[in-house]
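Biologist: Hi! Could we go through this model together?
Modeller: Happy to, let me put it up.

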Amino acid sequence: MEFEAIIGLEIHVEMKTKSKMFSSGPVSFGEDPNTRVNPVDMAFPGTMPTVNKQAVINAIRVSNALHMDIDDTVIFERKNYFYSDLPKGYQITQQFRPIGSNGYLTIETSNGPKKIEIERLHMEEDTCKQLHSWDFSLLDYNRAGIPLIEIVSRPDMRNGEEAAKYVEKIRSIVTFLDVSDGKMEEGSLRCDVNISLREVGATKFGTKVEIKNLNSLNNIQKAIDFEISRQSIILEFGGQIEQETRRFDEGSKETVLMRVKTDAVDYKYFTESNIAPIKLSKEFIEDAIKTSPELAETKLERYKSFGLNDYDSNLLIADHDISNYYDQGVKSGCSPKLLANWIIGDVQSVLNRDCISIKEFKITPENLGKLVLLIESNKVSNKQGRDIFAEMVNTNEDPEAVMNKLGISQVSDEDELRKVIIEILDVNEQSIIDYKNGKGRAIGFIVGQVMKKTQGKANPALANKIILEEIGRR
Amino acid sequence: MKKVTKEVLKSNAEKLMFEMSDEDLDLLVNEFGVIQEQMSLIGEIEGVDETTPMTFPFDVTSTFLREDVASEPLDRELALRNAKDVVDGQIRLPKVVK
Amino acid sequence: MNYRNLSITELHNLLLEDKVTPLELVKEAIKLAKEDDNNAFEYICDEEALKKVESLDSSKKNNLFYGIPVVVKDNFSTKDIPTTASSNILNGYVPIFSAEVVERLEAQGAIVIAKSTLDELAMGGTGTSGHKGTTFNPWDKSKTRLVGGSSCGSAASVAKGIVPFALGSDTGDSVRKPASYAGLVGFKPTWGRISRYGLFPFATSLDHVAYFTRNVSDAAISLNVLAGHDDKDFSSSFKEVPDYSKHLTDSIKGKKIGIIKGVVNSMSDKDIIAVFNKTAEGLKEKGAIVEEVEIDEKLLKAIFPTYVIISCAESTSNNANLDGIKFGARVEGDSFEEVMTNTRTKGFSRLIKRRFVIGAYSLLRENADELFIRAQKCRRLIVDAFNKAFESYDALIAPAAPSVAPEFAHKSDALDNEYLIADNYMAYGNMGGYPSITLPIGFKDKLPFGINLTAKPFDEVNLLNIANAVESVTGLKDLVAEDR
C-alpha cells in the first residue's frame with residue numbers, strides 16, 4: 001500500500017507590539033516575573049478589554065501578505081475553558097469572523113513551486129507563563145495578554161519539507177513586516193502540526209494526529225517525516241491510528257504520545273460584548289498596507305536594482321536585522337554596492353569575532369554610511385577606512401572625527417601630489433627605465449616612495465595616474 | 001427538546017469547576033423543565049428562526065482603537081497582594097501536569 | 001440637624017452656605033450607617049472616608065457632589081476597600097483600582113462612606129442571597145419584607161436617609177425594581193452611556209451602571225457627572241453628553257406616552273393599577289397624549305426566559321476568573337484543578353451554581369440553537385417590537401412591580417412561571433439598552449410602589465423631563481422611611 005500524508009499547520013505568532021492585545025500593559029521579554037502586568041492581564045473583576053490598534057494593523061499587513069480577504073469589521077469571541085494559565089477563564093479570540101480569510105502562499109520546494117492555501121488568520125491573546133518545578137508550578141503574568149496572530153493553513157502539505165518551507169516563509173513575512181521577532185526557539189513563533197495518512201487515491205481523510213512543541217524548522221521536518229513513517233507502519237500492518245496529541249522528542253528524534261484525545265472540547269464560544277464591533281474604514285486598511293514594511297521579495301528586487309548580485313542580496317536579506325541595518329545605511333546617500341561589501345565583509349567578521357548580533361554592533365548604520373561616503377569621495381583610502389572602522393567599532397564616533405583624531409587625511413590635491421612625484425622620479429631614473437622595459441612592478445616601488453614621502457596620505461589611485469602621466473612625458 | 005438529566009448537569013457543573021449536591025441537581029432538573037417549556041414556546045413565535053441573533057442592545061459599531069502605547073506596569077507587590085500563595089514574585093500552584 | 005431627606009442640591013447649598021461641613025455630613029452618614037439594622041452594608045469605610053474628607057480640595061466646593069456622602073454597591077471595584085460582591089469567593093479581596101464611576105464621583109468630591117450588600121454577584125432579585133444574608137426593607141419595621149435586589153443595600157441606605165445617592169447595577173431590573181419597593185428614584189441610563197469599567201460583570205450585554213436618588217432632579221444632575229466615554233470601556237459611547245437637568249422642568253405638552261397594555265393586564269393589584277391610571281391622567285392634564293400600546297403578549301412572556309438564558313450564559317463566562325488563584329478565597333488542593341474546584345465549590349452559593357449550569361448548558365454546541373441562540377434571536381424580536389413602539393411614543397410606562405414589597409415567605413429565586421410578565425418585564429429595558437427610570441407613585445399599607453418609564457436609547461433628556469412631570473403629578477419625592 002502506498003500512503004500520502006495530509007498536513008495542515010496552525011501557527012501562533014507573538015507580536016512585538018509595545019502594549020498588550022487588550023490592555024495597555026507593556027510587552028517586553030525576559031523581564032522579572034510579574035513586573036509587566038496591568039490589572040486587565042490578571043483578570044481582576046471589573047477590568048475590560050481594549051483593542052490594540054497596532055495589533056490590528058499588524059494583522060491586516062500579514063493578511064495582505066498572505067493574499068487574504070480582510071474583514072472590515074473587527075469582532076471578538078470568547079473561548080471558554082478553565083486552565084491554570086488562563087487568567088479570565090476564557091481567551092478572547094476571533095472564532096466566527098477572523099480578520100483574514102482565504103489566502104495562500106507559494107513555497108519553493110525541491111519539486112518546484114507549490115501553492116499552499118491558508119484558511120484563516122485571527123487575532124487573540126497569549127496566556128500566562130508557567131514555570132514547572134518538581135512539585136509545584138509558578139505563574140508569571142508578563143506574557144498574559146501579549147497579542148497573537150494565529151494562521152491556519154488548509155491541509156495542503158504532503159511532507160516535512162513542504163511544512164518546513166511553509167513555516168520558513170511565514171516566519172520571513174512576520175519578521176520582515178516587523179510584526180514579530182519570529183524566534184521559534186523562544187516561542188515567539190509556535191507551530192502545531194495536524195497530520196493524517198490515507199491511501200493514495202482515497203478521498204476520505206484518515207485519523208488526525210496533532211504534533212505540538214516544534215521549536216525549529218528542522219524539527220518540524222523531522223517530526224513530520226518520523227510521523228509519516230510511524231503511521232505508515234501501523235496502517236501497513238492493519239492497525240488503527242489513534243486520535244492523539246504527540247510531541248517531538250529532541251533526544252530520540254521521535255514523536256511521543258502526550259495524550260489521547262477524548263471528546264472534542266466544547267469551548268462555548270459567544271461574542272465578546274465588552275467590545276463594540278469596530279468598523280475599519282477603507283482608508284485605514286489601505287493605509288496599513290501602504291505603510292507596511294517591505295517583504296523579503298520586494299527587498300530583493302530593490303537590492304538587485306542597486307547592482308547587488310543575487311548572492312549578496314540574499315546574504316543581506318537572510319537576517320532581517322541586517323537588512324534593516326543596510327536599509328538605514330543606504331539612506332546616508334552612499335553607494336549601496338560599497339556599503340553592502342562593507343557589511344558582508346568587515347561588519348560580518350566583527351560580528352563573528354565578537355559573537356554578537358547586528359543589534360549589539362556599536363557602529364550605527366548612519367555612521368557606517370558616512371565612512372563609506374568618505375572612501376567614495378577619496379577623502380580616505382580603503383586602508384585608512386579600515387583603520388577608522390577599527391576605531392569606530394569600539395566607540396561609534398563620527399568617522400570624520402576619528403579621521404582627524406588619527407591624523408588621517410588623504411592628499412588628493414593633484415598639483416601638490418604631482419610636485420612630490422616629479423621630485424621622486426627625478427632621483428629614480430632607473431625605475432623609469434625598468435618600467436619602460438616592461439617591468440610593471442617598478443611602478444609599485446615609485447608608489448611606495450610617494451606614500452613614504454606623504455606619510456601614507458596620498459590617494460593611491462590618483463598617485464598611480466600621475467606617475468604614469470609623468471613617466472609618459474619623459 | 002431532549003430531557004435534561006441529573007448526570008448531564010453534574011458533568012456540566014464539573015466542567016465549570018464546582019460540585020453540586022444531589023438535592024440541588026434535582027432542583028435544577030425541575031428548573032430546566034420550566035426553562036425548556038418556555039423556550040419551546042419561544043420557538044413557536046413566528047419569525048424567530050429567521051431572525052439574526054442579537055448580541056448588542058442596539059447598533060454600537062465604533063471605529064475606536066487603542067493607540068499602542070504601554071502604560072506603567074503594576075508594582076509587583078500590588079499585583080500579587082490578593083494572591084494567597086506567592087513564591088519568588090510568582091503565584092504558586094500544585095504542579096501542573098501537562 | 002436632620003439631613004436625612006435632603007436632596008443632593010439641598011445639601012450642596014447648605015455646604016456652600018457653610019451651614020454644615022463635609023466632615024459633619026460624612027460623620028453623620030457613617031453614624032447612621034453604623035446604626036443600620038437592615039443589613040445594608042458589606043463594609044463601612046469609616047477611616048477611609050474621614051481621610052478623604054480631610055484631603056478634600058475646597059477649590060472644588062462648587063461641584064454638586066463636593067462633600068456629599070454616597071454609598072457604592074459592593075460589585076464596584078474600590079481601591080484599597082474590600083469588595084466581595086456579597087460572595088464568599090471574594091472574601092478578603094481588596095481591589096487595587098477603583099471603578100471609573102467611583103473615580104468620577106470622587107473627583108467631584110463625593111465621599112464613599114460604605115459598600116452595600118447585594119444578591120450574590122448581583123445574580124438575584126430578592127436581596128436575600130448575599131453572603132451576609134437577607135437585606136430588609138426599611139419601610140417595614142416588622143422586618144418581614146424584602147427591599148428587592150440585587151441592589152438591596154444601596155436601596156435600603158437611600159430609603160433610610162443615610163445618603164442621598166447610591167450606586168447600583170441593573171442587569172434585569174436590579175435598581176428599578178428595588179426603587180419601586182423602597183419609594184425611590186432608580187435610574188438606569190442607556191447601555192454605554194456610563195462606563196462599566198470596574199463594575200463586576202454579571203451579563204455583559206445586559207449590565208448597566210444605575211443608581212438611586214430620592215428625586216428626579218438628583219437623578220439628572222448625577223448623570224451629568226457619570227455619563228461620557230471612557231477609553232477603558234470599549235462599549236462606552238462617544239455620544240456627546242448634554243446637560244441632563246436643562247430640560248427637566250419643560251412642559252410635556254404634546255409628548256406621546258404609551259401604556260404597555262399587556263403588562264398592566266398581567267397585574268392583579270387593583271389599588272396599584274388605580275393609582276397608576278390616576279398618574280397617567282395627571283400626565284394627560286399636563287398636556288401629554290397618553291395611549292395604550294399593544295406589544296405582542298407572546299413577546300412579553302418571552303422576556304423572562306430570554307433574559308434568564310442570556311444572563312446565565314454570559315455570567316458563567318464573566319465569573320470564570322473567580323478561581324482563587326489570583327485573588328479571592330482560595331481553597332487548597334492537590335492539583336490546580338482541585339484548587340479551582342474546591343474554591344468554587346465552597347465560594348459560590350447553591351443558587352449561583354444552578355445559574356452557571358443553566359448558562360453553560362445553554363451555550364453547548366448541541367443545545368445552543370434551542371437555548372442560547374434562540375434566546376438571542378428572541379431578544380431581537382422583543383427589541384424590534386419595542387423599537388417600533390418608540391417610533392410613535394416618547395416613553396412607555398407601566399407599574400414597576402405588580403405589588404408592594406413582598407414578604408420573604410412569598411418570594412424565591414427559583415425559576416418558575418409565576419408572574420411571568422408582571423414581575424419580570426422590565427428586563428426589556430436591558431435587552432434594548434434603553435434608558436429606564438422608576439419613581440414612586442403611591443403607597444399601599446404604608447408601603448411604597450412605583451411606576452417605570454422607558455425611552456429610546458440616549459433619550460435621557462426627554463425621559464427625565466417626563467419623569468419629572470410624573471413627580472410633580474404625584475408630589476412624591478424625597479421620601480425617607482422614618483423610624484417608627
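Biologist: How many bridges join strand β6 of chain A to strand β7 of chain A?
Modeller: There are 9 bridges, joining β6 (residues 100-109) to β7 (residues 112-125) of chain A, and the two strands run antiparallel. Helices (H or I, at least four residues) and strands (E, at least two) are DSSP runs, numbered from the N terminus. This is a predicted model, in which local features need pLDDT of at least 70 and side-chain atom pairs count only at pLDDT 80 or more, while totals for chains, interfaces and linings use all residues. Residues are numbered from 1 along each chain as its sequence is written, and chains are lettered from A and ligands numbered from 1 in the order in which they are written.

Biologist: Thanks! Which residue in β7(A) does Thr106(A) stand opposite?
Modeller: That is Lys115(A).

Biologist: And what is the strand order in the open sheet of 9 strands?
Modeller: In chain A the order is β2-β6-β7-β10-β1-β11-β12-β13-β14, with mixed pairing. Two strands pair if DSSP finds at least two bridges between them. At the edges are β2 (69-70) and β14 (254-260) of chain A, each pairing on one side only.

Biologist: Which strands of chain A does helix α1 lie across?
Modeller: Helix α1 (residues 53-65) of chain A lies across β2, β6, β7 and β10 (147-153) of chain A, and runs at about 165 degrees to β7(A). Axes here are lines fitted to C-alpha atoms, for helices over the stretch in contact, and angles run from 0 to 180 degrees between N-to-C directions. Contact is when the C-beta atoms of two residues, placed from the backbone, lie within 7 Å.

Biologist: Zooming out, how many helices and strands does chain A have?
Modeller: Chain A has 15 helices and 16 strands. Its radius of gyration is 30 Å, well over the 23 Å that the globule rule gives for 474 residues, so chain A is more spread out than a compact globule. The radius is taken over C-alpha atoms, and the rule is 2.2 Å times the number of residues to the power 0.38. The C-alpha atoms of chain A fill a box of roughly 100 × 60 × 50 Å along the principal axes.

Biologist: What domains does chain A have?
Modeller: The assignment gives domain 1 (3-271), domain 2 (294-405) and domain 3 (414-473); such bounds come from an automatic or database domain assignment. The C-alpha centres of domain 1 and domain 3 of chain A are 68 Å apart.

Biologist: How is chain C divided?
Modeller: Into domain 1 (8-254 + 395-474) and domain 2 (298-377). Their C-alpha centres lie 26 Å apart, and 28 residues of domain 1 of chain C are in contact with 25 residues of domain 2 of chain C.

Biologist: Now the contact between chains C and B: how many residues does it take from each?
Modeller: It takes 58 residues from chain C and 44 residues from chain B. On the chain C side, the largest share, 9 residues, comes from α14(C). By class that side has 29 nonpolar, 13 polar and 16 charged residues. Ala, Val, Leu, Ile, Met, Phe, Trp, Tyr, Cys and Pro count as nonpolar, Asp, Glu, Lys and Arg as charged, and the others, Gly among them, as polar.

Biologist: Last one: in what order do the elements of chain B run?
Modeller: From the N terminus on, α-α-α-β-β. A compact globule of 98 residues would have a radius of gyration near 13 Å, but chain B has 23 Å.
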